[in-house]
Amino acid sequence: AASMRYPIRFLLSMLLLAAVVLSEYDSSIGANVCQDGDWQCDVDATCCVKQDGSTGCCPFTLGTCCPGDTCCPAGFKCGSETVDCQRIQ
């Protein structure tokens, strides 16, 4: 089980990085401009790609985008159910 911990942590860090890469802060408008270039999220929100391919905003800074168009706050990962967030240990 200990050997599985590192790959899972690596995958979780890559998911977090993916959420960060989906947006870029634009100081001229005071918002995150999402990767699609058409959508903006508040500075304290995270851009997420929704199931239908459109872009939406997760209301958490450095949030983790989850299946089912939900998200979890920083330090949490998506659980097995779409509304379930689990603390990263």
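## Disulfide briefing

At 9% relative accessibility, Cys48 counts as buried (buried is under 20% relative accessible area, exposed is over 50%, and partly exposed is in between, with a 1.4 Å probe and protein chains only). Its partner is Cys65, and the two sulfurs sit 1.9 Å apart in a disulfide. Keep in mind that this is a predicted model, where local features need pLDDT of at least 70, side-chain atom pairs count only at pLDDT 80 or more, and totals for chains, interfaces and linings use all residues. Residues are numbered from 1 along each chain as its sequence is written, and side-chain values use heavy atoms, with hydrogens and water left out.

- The protein chain has a mean pLDDT of 75, with 63% of its residues at 70 or more (pLDDT is the predictor's confidence in each residue, from 0 to 100).
- Where pLDDT is low, the predicted coordinates should not be read in detail.

**The disulfides overall**

- Searching the whole structure turns up six disulfides (pairs of cysteine sulfur atoms within 2.5 Å).
- If you number the bonded cysteines of the protein chain in sequence order, the pairing reads 1-3, 2-5, 4-7, 6-9, 8-11, 10-12.

**Cys48 and Cys65**

- The torsion about this S-S bond is -85°, and the link of Cys48 and Cys65 is left-handed.
- Cys48 lies in strand S4 (residues 46–49) and Cys65 in strand S6 (residues 64–66), so the bond ties together parts 17 residues apart in sequence (helices, H or I, of at least four residues and strands, E, of at least two are DSSP runs, numbered from the N terminus).
- Cys65 is partly exposed, at 25% relative accessible area.

**Cys41 and Cys57**

- The sulfur atoms of Cys41 and Cys57 are 2.0 Å apart in a disulfide.
- Its S-S torsion is about -95°, so the disulfide of Cys41 and Cys57 is left-handed.
- Cys41 is in strand S3 (residues 40–42) and Cys57 in strand S5 (residues 55–58), so this pair links distant parts of the chain, 16 residues apart.
- Cys41 is buried at 1% relative accessible area, whereas Cys57 is partly exposed at 38%.

**Cys58 and Cys71**

- Cys58 and Cys71 form a disulfide with their sulfurs 2.1 Å apart.
- Here the S-S torsion is 90°, and the link is right-handed.
- Cys58 sits in strand S5 and Cys71 in strand S7 (residues 70–72), so the pair joins parts 13 residues apart in sequence.
- Both Cys58 and Cys71 are buried.
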